[in-house]
Amino acid sequence: MRWFAYNGDADGICSMVQWGLVHGVEGKRITGVKRDIVLLDRIHPSDDDEVIVMDISLARNHSMAQKLAQDGADITWFDHHLAGDKIELINAYIDTADNVCTARIVEQYLGVESSWAQVALHGDGLSKHSSNPEYKELGELLNYNGYGADLTDLHFHPDDLMMLCLESKTPEQFMQSPAFAKLKQGFDSDISNADSIIEQDGFFLLPNEAWARRVVGVMAHRINEKTAGPHVIAIDKVTTFQISMRGQTGIGELCAMFGGGGRATAGGIDNLPKEEITALMNEVNSRRSA
Ligand SMILES: [Mn+2]
């Protein structure tokens, strides 16, 4: 039997659609919300089973992957995140170049040029590396669908959405479908909710509701496009705040001072005790230009 484990975002979905158009997607498929990247513990292969993994960091799944490989699973891994130490038994197609997404790697492996790889570039924020601007909205909508605390927050289970894309065969066909209209409507409604939130005491405060959990990533990105920051968006979780932060530099380090983490330009803190928000904002304000 064949197992698939793939990220529930645009890149994971488009990678699977490409595979499916060539080889089909029969088997057991494991996926989840975008932030759920530890998927391998839900794979239980028997002898001779094949495991195909797409758009999930091997470094973050290293020990589980090693165990599955040693137990005899035939594993093929497509990804563009950090891989960690090489595992000899795994067929790894990993490229961490910043103009590549997993769907591009799968496209090359299959040897079939695909519009879905172009959709995935937009979904992963790599629009400048795509020659097809007409797929930008679709890429962003597929990516947006993956955001939420858990599957109940999402408009579509990522595997259902992947199957709808696969049935459509082309991005053009999918963009004519009711599913596309539903994503677009959901996105517009979430964004208009977000637009009604005004900055107070230096940060944006969102209620702990499904729409906010879905849209916080896009909202942060849009605010950050306009001014330098650092920008702070908080979701109100009664005794704590869930913090999303964006800026030009040092964001991950700033978040790490308060128990969070991230990259230079994007970071977060899962549970900031509310009494620490003043200290956090003091640090943020000291980095804002007057
Ligand atoms: Mn990706």
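Biologist: At the start of H4, which backbone nitrogen does a side-chain oxygen of Ser114 reach to within 3.0 Å?

Modeller: That of Trp116. A polar contact pairs N or O atoms within 3.5 Å, one able to donate a hydrogen and the other to accept it; sequence neighbours count only through side-chain atoms on both sides. The model is predicted: local features need pLDDT of at least 70, side-chain atom pairs need 80 or more, and totals for chains, interfaces and linings use all residues. Numbering starts from 1 along each chain, and side-chain values use heavy atoms, without hydrogens or water.

Biologist: Is H4 largely enclosed or open?

Modeller: Helices are DSSP runs of H or I, at least four residues, numbered from the N terminus. Buried means under 20% relative accessible area, exposed over 50%, partly exposed in between (1.4 Å probe, protein chains only). Eight of the nine residues of H4 are buried, so H4 is largely enclosed by the rest of the structure. Among them are Trp116, Val119 and Leu121.

Biologist: What covers the buried residues of H4?

Modeller: The cover, by contact (heavy atoms within 4.5 Å), includes H1, H3, H5, H6 and H7. After H4 comes Gly125, with a positive phi near 75°.

Biologist: How accessible are Asp11 and Asp124?

Modeller: Asp11 is buried, at 0%. Asp124 is partly exposed, at 22%.

Terms used: Helix = DSSP H or I, 4+ residues; strand = E, 2+ residues; numbered from the N terminus.
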